[in-house]
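Here are my notes from a first pass, as promised. Have the viewer open while you read.

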Amino acid sequence: MRWRRTFSGRPDQTTSARDFATTLFAGAACVDVVQFVVSELTANTIRHTRTCEDGGWFGLELVYDDPAYIAVVDNGGRGIPTVKQPVDLLATSGRGLYVVSQLAHRMGIEGSPRLGHKVWAELDLDKPMGDPFGVEVTAAS
């Protein structure tokens, strides 16, 4: 099953997008991973792109399959999403896409600052988050 939905570019919409994804993946082992990935990708688009400007929006695409698929589309601007190797895994910012890349079966970044980006991840439907890095990972709000 595939769902697509748009959200306004306000910070509170990260919670709305996460709740939407949680409902769709309820009962799946990977629901906690889906929650984290949706929270991270939507918070990033609101923080780092034109999505947060007047009239801004982001799109969320979810596919319930194996692998599960999550994609967030933004309005572009302010650079290119990049997976950075963190120096400090206990840092409170700057490591989100790295964590997503470690949780994902596959991950990709497409687009441009001018036209917008699509950041996507494929996840194992039957794999919960666990504690893959020796640190607690929680969803952004």
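Which strands does helix 2 lie across, and at about what angle does it run to strand 3?

1. Helix 2, residues 31-48, lies across strand 2, strand 3 and strand 5 (116-123). Its direction is at about 15° to strand 3. Keep in mind throughout that this is a predicted model.

2. Helix 1 (residues 13-24) lies across strand 1 and strand 2. Relative to strand 1, helix 1 runs at about 165°.

3. Five strands make it up, it is open, and the order reads 1-2-3-5-4 with antiparallel pairing. Strand 1 and strand 4 (106-112) sit at the edges, each pairing on one side only. From one strand to the next, the twist averages 15°.

4. L60 stands opposite V72 of strand 3.

5. On to the rings. There are four aromatic pairs in the structure. One of them, F7 with F58, is stacked, at 5.2 Å centre to centre and 15° between the planes. F7 belongs to strand 1 (residues 2-8) and F58 to strand 2 (residues 57-63), so this pair ties together parts 51 residues apart in sequence. Both F7 and F58 are buried.

6. Ring pairs link F20 with F7 and F58 into a cluster. R5 lies over the face of F20, at 5.1 Å from the ring centre.

Definitions and conventions
Residues numbered from 1 in each chain as written. Predicted model: local features only at pLDDT ≥ 70, side-chain atom pairs only at ≥ 80, totals over all residues. Heavy atoms only, no water. Phe/Tyr/Trp six-rings, centres within 6.5 Å; stacked < 30°, edge-to-face > 60°. Helix = DSSP H or I, 4+ residues; strand = E, 2+ residues; numbered from the N terminus. Buried < 20%, exposed > 50% of the residue type's maximum accessible area, 1.4 Å probe, protein only. Lys NZ or Arg CZ within 6 Å of the ring centre and 35° of its normal. Pairing = 2+ DSSP bridges. Axes fitted to C-alpha atoms, helices over the stretch in contact; angles between N-to-C directions. Contact = heavy atoms within 4.5 Å.
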